Structures are given as structure tokens and as C-alpha cells.
Amino acid sequence: MVLPDGPNQRWSLDFLSDSLICGRRLRILCVVDDYMRECLALVADTSLSGARVARELTSLMSSRGKPHTLVSDNGTELTSSAILRWSQERRVEWHYIAPGKPMQKGFVESFNGRLRDECLNETLFTLPAHARFVLTAWRHDYNTVRQHSKLGGKTPAEIAGQRIWGHATRHVAIPSNNHHEEPDSTSDW
């Protein structure tokens with residue numbers, strides 16, 4: 001695939017799995033703009049159907065604009081009739097990677113590794129609402145504090161020209177960036 005040379009050209013989608021402390025499964029839909037290295041959405045729930053993914057993408061498009069192409073694997077949620085209908089109705093190209101080739105969606109795979117190492121492996125979630133709260137704060141930090149060398153030392157927020165991120169409710173506390181010093185090379189993907 002050709003690398004995007006502007007925002008909204010290509011969004012990558014993927015799912016991560018985790019669990020609540022009670023043992024119940026937690027699914028997280030990650031949506032990343034491949035050009036800006038921006039996390040557009042982290043949707044957490046115990047179940048995420050294709051219809052739910054379509055609703056989340058519609059909501060995201062209303063605030064971010066329409067992507068040219070979406071990239072994902074061939075998971076059942078992302079190959080469902082709800083998703084196929086959604087992409088046809090909105091005239092959004094959907095590219096499915098080859099089976100067993102996760103690097104064909106390398107931007108979101110790299111992002112997932114960071115999310116897993118820095119947040120999911122470090123947090124015991126009590127409820128889906130707790131997971132949403134923590135993920136919102138982590139996403140805000142990722143998009144507004146971390147500089148990326150591929151973005152000329154800027155954050156995704158600086159590239160996007162925005163300060164407010166997505167679907168965070170007003171009662172969500174955003175961590176201060178006082179604890180951050182110089183960005184390290186691991187923050188670049």
C-alpha cells in the first residue's frame with residue numbers, strides 16, 4: 001500500500017482484548033489515522049459487533065471528516081454485512097489485509113503494542129466504564145503530549161491543529177503533563 005501523505009487518507013482499525021478483574025472479556029476498538037499517527041478512537045466494551053463498529057465510525061466521521069480508505073484484518077466484526085453496507089453507503093474504500101500479514105496495518109499494530117505495554121498491562125479494570133475513563137486519559141496523553149520524530153517533533157494534536165479529542169465526556173480528568181520530561185525515542189512509531 002502507498003503511504004498516506006495527508007490526514008484522513010487512511011485510517012487503520014484493529015481490536016485488542018483484555019479482561020476486567022472479574023474475568024469478563026473486554027474488547028477495545030482502536031482507530032488510528034496513519035498519516036498523523038493520531039489515535040482517533042479507543043472504544044471499549046464487553047462486546048463490539050459490526051453494527052456497533054459502524055455506529056462508532058459514523059460518529060467519528062461526523063467530527064473528523066470522511067476517510068478515503070479504512071484498513072483492517074478479516075475479523076468477523078469487520079467483514080460483517082453491517083460493515084460492508086456501511087462502507088458502500090458512505091463510499092469509503094475498505095482494504096482487508098492478507099491473512100497472517102499484520103504488518104500490512106503496521107501503524108495500528110505499532111500503536112497497539114504501545115497501548116498494551118503502557119496502559120493495558122499496567123491497569124486492572126474494574127468495569128467497562130473504568131476502562132473507558134483510563135483509555136480516554138491515555139489517548140489524550142498520547143495525542144497531545146508525545147512528540148513523534150516522523151511528525152517533525154510535533155504531537156498528533158499539533159499536526160491536527162486541535163486541542164479537544166473526540167468523545168471524552170466533560171467529567172473525564174485529563175492527566176497533567178508535568179510528569180513528562182524529554183520525549184524518548186520509544187514514543188515514535
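Predicted model: local features only at pLDDT ≥ 70, side-chain atom pairs only at ≥ 80, totals over all residues.
Cys39 counts as buried, because its relative accessibility is 0%; buried here means under 20% relative accessible area, exposed means over 50%, and partly exposed lies in between, with a 1.4 Å probe and protein chains only. Cys30 also counts as buried, at 0% relative accessibility. Are these cysteines bonded, or too far apart for a bond? The closest cysteine sulfur to that of Cys30 is in Cys39, at 6.3 Å, which is too far for a bond. A disulfide is taken to be a pair of cysteine sulfur atoms within 2.5 Å, and a search of the whole structure finds zero disulfides.

Residues are numbered from 1 along each chain as its sequence is written, and side-chain values use heavy atoms, with hydrogens and water left out.

Let me turn to the chain as a whole. It has five helices and five strands; these are DSSP runs numbered from the N terminus, with helices being H or I of at least four residues and strands being E of at least two. In order from the N terminus, the elements run β-β-β-α-β-α-β-α-α-α. Of the 189 residues in the chain, 47% are buried. Among contacts with a separation of 6 or more, 62% join residues 24 or more positions apart; a contact means heavy atoms within 4.5 Å.

Next, the strands. Eight of the 10 residues of β1, which covers residues 10–19, are buried. Which strands pair with β1? Two strands are said to pair if DSSP finds at least two bridges between them. With β2, the pairing is antiparallel and extends over nine bridges, and Phe15 stands opposite Leu29 in β2. These two strands form a hairpin with five residues between them, and Gly23 in the turn has a positive phi of about 95°. With β4, residues 69–72, β1 pairs in the parallel sense over three bridges; here Arg10 stands opposite Thr69.

Asn8, in the segment before β1, has a positive phi near 65°. Its relative accessible area is 19%, so Asn8 is buried. Arg37, in the loop between β2 and β3, has a positive phi of about 60°. Is Arg37 buried or exposed? Arg37 is buried, as its relative accessible area is 11%. The side chain of Arg37 reaches the backbone oxygen of Tyr35 at 3.4 Å. That is a polar contact, namely a pair of N or O atoms within 3.5 Å; within protein, one must be able to donate a hydrogen and the other to accept it, and residues adjacent in sequence count only if both atoms are side-chain atoms.

Finally, helix α4, residues 128–144. The expected span of a helix is 1.5 Å times one less than its number of residues. With 17 residues, α4 should therefore span 24 Å, and its end C-alpha atoms are 24 Å apart, which agrees. The buried residues of α4 include Pro128, Leu135, Trp138, Arg139 and Tyr142. What covers the buried residues of this helix? The cover includes β2 (25–33), β3 (38–45), α3 (106–118) and α5 (156–160).
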